[in-house]
Amino acid sequence: MLLSFAQWIQFTAFFTALRGSANIYPIVMSLHMVGIALFGGMILMTDLRLLGWAMRKRSIADVVEQLRVPKRWGLLLTVTCGILMAGSKAEEYYYNAFFRTKLILFALVIIQELVFYRSVYANPAALDSSPGIPANAKLAAALSLLLWTSIACCGRGIGYIEPPLDKIHAQLRFVNTAALVDARGPSLPKGWDY
Amino acid sequence: MLITNPLNSSALAFPILECFHIVGFALSIGTIAVVDFSLLGIGMRRESPAQLAKDTWLWTLGGLVLMLFSGLLLFSSDPDMYYLNWAFLIKMVFFVSAVVFHYTVHRRAVSSDIPPGNGKIVACVSLLLWCGVIFGGIFIGFIYPGLSIG
């Protein structure tokens, strides 16, 4: 079901146009990277502050609270561009091991956020008033660093795997052939008959 | 005897270097953006841009060094291709401009506790230059030197 959804979405007029555009696709990817630079950089600084390695003259509350809103905008930009890219090659991404790993890591990052929300992120002022940075805040930061850098690296990895869709299609024997003909036009792989 | 670049004999070297490159630019451009946003009155407003610059300069420099060295190694894998790639050339123009701007005009603008009137312009120029570097970097992969674009 997920697979047929992926096939359907990538062959919608919108994503077909995006996939075929010479300039829009790289622009979306560039904006994805701009989002990573801004949002990723702020995540790094927040985590490094929680670990006590960076911006030590600023209180934890100052860093966590003030970077929250710009981080959300950065995340929105990055995720929007990510969905645009994934949508235009949805079937390929469905089979892509790095993309699957990336989604799992996203789920883990959400769990991390929920687990540490009350003790770390919701009330950073309490962390400042404790004698040292509490261990669970450091653990949250270390996990966040690990997960987000892994997500970025998996993202880069996606481009290095090209699932052999033609072979997969040949094995599956049932695909949305009408949509494939529509989108791929004359450049269909040899050996296809409808 | 021709000595091959050891980077080219491993399929993993290039993607791993790219990951370091990404972390490097997230660290450098991210920290610069924190200061620029502060000049624009966004994000960290309880501190002055000067304070933030003092907090982050070492991380910015560390990120720049990481980005630069991983970038040089990436470049070494196929110098001819990069030399002929116009996106790469544009990226280098943006990169040199951004670094020079950062350590001259930008540094002066954030060095006083009261940001000058043109602080917002400096912040915008800084952000645009760094975005130019990123766009150039992405377009490298979409251009095939000697062939038509696309």
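**View 1. Helix α1 of chain B is mostly covered.** Of the 27 residues of α1(B), 20 are buried; a residue counts as buried if 20 or more other C-beta atoms, placed from the backbone, lie within 10 Å of its own. Helices here are DSSP runs of H or I with at least four residues, numbered from the N terminus. The end C-alpha atoms of α1(B) are 39 Å apart, which agrees with the 39 Å that its 27 residues should span at 1.5 Å a residue; the expected span is 1.5 Å times one less than the number of residues. Just after this helix, B:G41 takes a positive phi of about 80°.

This is a predicted model, in which local features need pLDDT of at least 70 and side-chain atom pairs count only at pLDDT 80 or more, while totals for chains, interfaces and linings use all residues. Residues are numbered from 1 along each chain as its sequence is written, and chains are lettered from A and ligands numbered from 1 in the order in which they are written.

**View 2. Here chain B meets chain A.** In this view, 30 residues of chain B are in contact with 28 residues of chain A; contact means that the C-beta atoms of two residues, placed from the backbone, lie within 7 Å. On the chain B side, α1 (13–39), α2 (49–76) and α5 (119–140) each supply at least two residues. With 14 residues, α1(B) gives the most to that side.

**View 3. The largest nonpolar core has 72 residues.** Such a core is a set of buried Ala, Val, Leu, Ile, Met, Phe, Trp, Tyr and Cys residues joined through C-beta atoms within 7 Å. A:A37, B:A26, B:V34, B:W130 and B:I134 have the most contacts inside this core, and α3(A) brings the largest share, 13 residues. Look for B:I134: leaving aside neighbours within four places in sequence, B:I134 is in contact with A:S30, A:M33, A:V34 and A:A37.

**View 4. Helix α4 of chain A has a kink at A:R68.** The kink is about 45° and lies shortly before the proline A:P70; the bend is the angle between axes fitted to the seven residues ending at a residue and the seven starting there. With 29 residues (60–88), α4(A) reaches 40 Å from its first C-alpha to its last, close to the expected 42 Å. Its buried residues include A:I60, A:L67, A:G74 and A:C81, and α3 (24–50) and α6 (97–121) of chain A are among the elements that cover the buried residues of α4(A).

How values were computed:
Buried ≥ 20, exposed ≤ 12 C-beta atoms within 10 Å, placed from the backbone.
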